[in-house]
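Biologist: Could you walk me through this one, with the cut-offs behind each word?

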Amino acid sequence: MASLLKGAPVAEALAQRSSAVVEACKAKGVVPTLAILRVGERDDDLSYERAAVKHCEAAGVAVKNVVLPADVDQASMLAAIEDLNADTSVHGVLMLRPLPAQLDEAACCDALAPAKDVDAATDASLGHVFTGKNEGYAPCTAQACMEILKHYDIDVTGKRAAVIGRSLVIGKPVSMMLMDANATVTTCHTKTVDAPSVTREADIVVVAVGRVETIGAEYFKAGQTVIDVGFGWSEEKSKPCGDVIFDDVEPIVDAITPVPGGVGSVTTAVLVSHAVEAAKQAAGL
């Protein structure tokens, strides 16, 4: 039976560190504030927003909710972003994505001030991740994977890591972050020939394909650590599941994140920590 790499203890440790910094900021007259910019009423956006608000409140971080209609035009969206950029009381901005089709998402992302970009939406933020400059903020989910490995004392130095997925949100940045931590990384994707033969050679496997229960036992071997980033609704099982077929994989590997209860809560805790760090810089601490 695999060890479960539960997210709650990791999120709690991050929250405690954030709370201490919040108090230091408030002593300087700065109230850490996260703005959440949402377009429309998508269920997944609303769910993430609720989780973010809950974690912010627990850490003492204020939240400014900015909600625009689903049919908002580009000019109005950019104006809302510029208002948040100019608002000195706001230290971090989370723009919930994907945006509706009528909006130029790339242009909206790059309109955000990098100093307030707490989820690496801008090219500038991603550039820091890819160059290893340790400036700005990494994508929250990618960093959450690294925080889990760190919390459970899973040393990646010299290890072979495989990442399934190459999105700018998770796959590519987590590959770079693993490499910066001195792992040897292989990134698999839809064009990879015989991906299971690649992942079976790895010590650590990060799965981020965005398709519920598509990665089965053939991808794994004994002794591995598996970070399942996926989250979606399984119609067959009538419950939320990850990208990994947990019941088939858990008996094989050494350690695995559960879904739910794994990466998700850590992602939100990382988001809060980024907003707090931005406030810390504003407070000159």
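Biologist: How many cavities of 30 Å³ or more does the structure hold?

Modeller: The structure holds 1, and about 40 Å³ of space lies in the largest cavity. Mind that this is a predicted model, where local features need pLDDT of at least 70, side-chain atom pairs count only at pLDDT 80 or more, and totals for chains, interfaces and linings use all residues. Residues are numbered from 1 along each chain as its sequence is written, and side-chain values use heavy atoms, with hydrogens and water left out.

Biologist: What makes a space a cavity, and what makes it a pocket?

Modeller: On a 1 Å grid over the protein atoms alone, a cavity is a set of points where a 1.4 Å probe fits but cannot get out, while a pocket is an open set with protein on both sides within 12 Å along at least five of seven lines. Lining residues have an atom within 4 Å of a point. Grid points are joined across faces, edges and corners, and the volume is the space filled by probe spheres set on the points.

Biologist: Which residues line the largest cavity?

Modeller: Val93, Leu94, Met95, Arg97, Leu112, Asp117, Asp119 and Ala121.

Biologist: And what is the volume of the largest pocket?

Modeller: About 1,300 Å³. Its lining has 41 residues, of which Tyr48, Thr141, Val229, Phe231 and Thr267 lie nearest the centre. Helix 2 (43–59), strand 4 (92–95), helix 6 and helix 10 (263–282) each give two or more residues to that lining, and helix 2 gives the most, with 6 residues. Helices (H or I, at least four residues) and strands (E, at least two) are DSSP runs, numbered from the N terminus.

Biologist: Why are strand 1 and strand 6 called edges of the sheet?

Modeller: The open sheet has 6 strands in the order 1-11-8-7-5-6, with parallel pairing. Strand 1 (3–4) and strand 6 (184–188) each have a single partner strand, so one side of each is left without a neighbour in the sheet.

Biologist: How do you know that strand 5 and strand 6 pair?

Modeller: DSSP has to find at least two bridges between two strands. Strand 5 (residues 160–164) and strand 6 have 5 bridges, in the parallel sense, so by that definition they pair. Among the bridge partners, Ala161 has Val185 in strand 6. Helix 6 (residues 140–151) packs on the sheet, touching strand 7 (204–207) and strand 8 (225–228).

Biologist: What makes Tyr219 and Phe220 a tilted pair?

Modeller: Rings of Phe, Tyr and Trp (its six-membered ring) pair if their centres lie within 6.5 Å; planes under 30 degrees apart count as stacked, over 60 as edge-to-face and the rest as tilted. Tyr219 and Phe220 are 6.5 Å apart centre to centre, with 50° between the planes, so tilted is the word that applies. The structure holds 1 aromatic pair.

Biologist: Are Tyr219 and Phe220 buried or exposed?

Modeller: Buried means under 20% relative accessible area, exposed over 50%, partly exposed in between (1.4 Å probe, protein chains only). Tyr219 has 14%, so it counts as buried, and Phe220, with 5%, is buried too.

Biologist: Why is Ser18 called buried?

Modeller: Its relative accessibility is 3%, so Ser18 counts as buried. Ser18 lies in helix 1 (residues 7–27). Leaving aside neighbours within four places in sequence, Ser18 is in contact (heavy atoms within 4.5 Å) with Ala59, Val272, Ser273 and Val276.

Biologist: And why is Leu103 buried, and where is it found?

Modeller: Leu103 has a relative accessible area of 7%, so it is buried. Leu103 is found in the loop between strand 4 and helix 4. Not counting residues up to four places away in sequence, it touches Val72, Asp73, Gln74 and Met77.

Biologist: What stands out about the backbone of Asp153?

Modeller: Most residues other than glycine have a negative phi, and most peptide bonds are trans. Asp153 is not a glycine, yet has a positive phi of about 55°. Its place is in the loop between helix 6 and strand 5, and at 71% relative accessibility it counts as exposed. Ser238 also has a positive phi, near 55°, in the loop between strand 9 (232–234) and strand 10 (239–241).

Biologist: Which peptide bonds are cis?

Modeller: Arg97 to Pro98 is one, with omega near 5°, and Val259 to Pro260 is another, with omega near -5°. Pro98 sits in the loop between strand 4 and helix 4 (105–111), whereas Pro260 is in the loop between strand 11 (255–256) and helix 10.

Methods. Axes fitted to C-alpha atoms, helices over the stretch in contact; angles between N-to-C directions.
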